[in-house]
Amino acid sequence: MSPRAVLRYKQWILEPDVEPDSEPVTYAMQCAVDEETSPASEDWVTPQDWVLEHCGKHPSHHTYREIITRPWRAWRRT
């Protein structure tokens, strides 16, 4: 007798987590020149203010990256 395998395929869903208890979406900015990073904030204004302060201290730093952390969830469709 040979072994048999039973395979069951399930569909998974991936979506942003918008449940009331999910982690908040946070924003930060990172200087592309020296890689210094602003504190993360739920408000996008705070990291942008950090950029203005940072480029005031370092006039040759003109390039920045926005870092968005958004919670996601995966669940199996029944």
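Cys-55 is partly exposed, with a relative accessible area of 28% (buried means under 20%, exposed over 50% and partly exposed in between, using a 1.4 Å probe and protein chains only). This is a predicted model, where local features need pLDDT of at least 70 and side-chain atom pairs count only at pLDDT 80 or more, while totals for chains, interfaces and linings use all residues. Residues are numbered from 1 along each chain as its sequence is written, and side-chain values use heavy atoms, with hydrogens and water left out.

**Cysteines**

- There are zero disulfides in the structure (a disulfide being a pair of cysteine sulfur atoms within 2.5 Å).
- Cys-55 is in no disulfide, and its nearest cysteine sulfur belongs to Cys-31, 9.1 Å away.
- Cys-31 has 0% relative accessibility, so it counts as buried.

**The nonpolar core**

- The largest nonpolar core has five residues: Met-29, Cys-31, Trp-50, Val-51 and Tyr-64 (a core is a set of buried Ala, Val, Leu, Ile, Met, Phe, Trp, Tyr and Cys residues joined through side-chain atoms within 4.5 Å).
- Strand β2 and helix α1 are the elements that give two or more residues to this core (helices are DSSP runs of H or I with at least four residues, strands are runs of E with at least two, and both are numbered from the N terminus).
- Tyr-64 is in contact with Met-29, Gln-30, Cys-31, Ala-32, Trp-50, Val-51, His-54 and Cys-55, leaving aside neighbours within four places in sequence (contact means heavy atoms within 4.5 Å).

**Helix α1**

- With 13 residues, α1 reaches 19 Å from its first C-alpha to its last, close to the 18 Å expected at 1.5 Å a residue (the expected span is 1.5 Å times one less than the number of residues).
- Pro-47, Trp-50, Val-51 and His-54 are the buried residues of α1.
- They cover an arc of only 105 degrees around the axis, so they sit on the same side of α1 (the arc is that of the directions from the helix axis to the C-beta atoms).
- Strands β2 and β3 (64-69) are among what covers the buried residues of α1.

**The loop between β2 and α1**

- Ser-38 is found in this loop, and its 5% relative accessibility is why it counts as buried.
- Ser-38 and Ala-28 are 10 residues apart in sequence, but 5.6 Å apart in space, C-alpha to C-alpha.
- Not counting residues up to four places away in sequence, Ser-38 touches Ala-28, Met-29, Pro-47 and Trp-50.
- Ser-41 is also in the loop, which runs between β2 (26-31) and α1 (45-57); at 14% relative accessibility, Ser-41 counts as buried.
- A polar atom of the Ser-41 side chain lies 3.0 Å from the backbone nitrogen of Asp-43.
- Ser-41 touches Val-25, Thr-26, Tyr-27, Thr-46 and Pro-47, again not counting residues up to four places away in sequence.
- Glu-35 is found in the loop too, and its 52% relative accessibility makes it count as exposed.
- The phi of Glu-35 is near 65 degrees, a positive value in a residue other than glycine.

**Strands β2 and β3**

- Tyr-27 lies in strand β2, and Glu-66 lies in strand β3.
- These two are 39 residues apart in sequence and 7.1 Å apart in space, C-alpha to C-alpha.
- Leaving aside neighbours within four places in sequence, the contacts of Tyr-27 include Pro-39, Ser-41, Asp-43, Pro-47, Glu-66 and Ile-67.
- With residues up to four places away in sequence not counted, Glu-66 touches Tyr-27, Ala-28 and Met-29.
- Ile-67 has its place in strand β3 and counts as partly exposed at 33% relative accessibility.
- Ile-67 is in contact with Thr-26, Tyr-27, Ala-28, Gln-30 and Thr-37, leaving aside neighbours within four places in sequence.
- The C-alpha atoms of Ile-67 and Arg-4, 63 residues apart along the chain, are separated by 48 Å.
- For Tyr-27 and His-61, 34 residues apart along the chain, the C-alpha separation is 20 Å.

Key
Polar contact = N/O pair within 3.5 Å; in protein donor to acceptor, adjacent residues only side chain to side chain.
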